[in-house]
Amino acid sequence: MLSTWSHRAWLASGSTAVLLSLAKLAIGVTNSKDHNFWLVALSSTVACVVGFVVVDLASGVYHWAADNYGCASTPIFGYQAEAFQLHHEFPMRITRHEFVNRTHPFACVVTFLVLPIHLFWDHPIIHGFVGFFFGCVIFTQQFHVWAHGAKNQLPPLVVALQDLGILVGRSQHEAHHRPPYNCNYCVISGFWNAFLDKNKIFKALEKLLFLKFGVKPNSWS
């Protein structure tokens, strides 16, 4: 649960990659020609919002997959699958991990995904999406931890963002922690949860995977 220097290095590298995207976003908008400035600024803002909305959906898909499929012996993703599934047995354990310890795994992945983007693309719209999407990826587990906290234990700004629906709140996330743990998978803003659950999107995917591969999700048992 403690942070190590390698954890700090990965968090630093992932954060630097994201900050570089945000810097390129700002520079690209600032350097746009006068007649294009507002168009580029508006388009880049939309890209940031889209990145934030899409990453919430991505968090739900990843959470659903890790909760329901795989185990400790699964190649590559076994550690994550085991950790996500144990989280249902010990939901408050995640809050005892140090900040860098809990955020460095996704920061490591972000480092390898974002740095190549800097080599091939330099448009502010792309970097607006990349900066917000992957910035949220790095801090997904921190948003998740805040969703387990009581309001009187959280920073006022976090409480305000949860009340506004910008970050997922405790009341919404608590529903996920009731057996069979098959709803409210999204843990960034929770924006997609109502749509996904009402339309039974994940249940449909589970039935499809069962019919195709004969694999039952954990939520069925």
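Colleague: Is E174 buried or exposed, or something in between?
Modeller: This is a predicted model, in which local features need pLDDT of at least 70, side-chain atom pairs count only at pLDDT 80 or more, and totals for chains, interfaces and linings use all residues. Residues are numbered from 1 along each chain as its sequence is written, and side-chain values use heavy atoms, without hydrogens and water. E174 has a relative accessibility of 38%, and the classes are buried (under 20% relative accessible area), exposed (over 50%) and partly exposed in between, with a 1.4 Å probe and protein chains only. E174 is therefore partly exposed.

Colleague: Which residue forms a salt bridge with E174?
Modeller: A salt bridge here is a side-chain nitrogen of Lys or Arg within 4 Å of a carboxyl oxygen of Asp or Glu. The closest N and O atoms of the E174 pair are 3.1 Å apart.

Colleague: Why are E174 and R170 separated by about one helical turn?
Modeller: Both residues belong to helix α8, residues 170-176; helices are DSSP runs (H or I, at least four residues) numbered from the N terminus. E174 and R170 are about one helical turn apart because their separation in α8 is 4 residues.

Colleague: How many residues apart are K24 and D122?
Modeller: K24 and D122 form a salt bridge, with 3.5 Å between the closest N and O atoms. K24 sits in helix α1 (residues 5-30), while D122 is in the loop between α4 and α5. D122 is exposed, at 54% relative accessible area. This pair links distant parts of the chain, and its separation is 98 residues.

Colleague: Which residue in helix α7 pairs with K151?
Modeller: K151 lies in the loop between α6 and α7 (156-163), and its partner is 12 residues away. Their closest N and O atoms are 2.8 Å apart.

Colleague: How far apart are the end C-alpha atoms of residues 125-147?
Modeller: An unreviewed UniProt entry lists residues 38-58, 99-119 and 125-147 as "transmembrane region", an annotation that may be inferred rather than shown by experiment. Over residues 38-58 the model is 100% helix and 0% strand, with 30 Å between the end C-alpha atoms. Residues 125-147 are 91% helix and 0% strand, and their end C-alpha distance is 30 Å.

Definitions and conventions. Helices (H or I, at least four residues) and strands (E, at least two) are DSSP runs, numbered from the N terminus.
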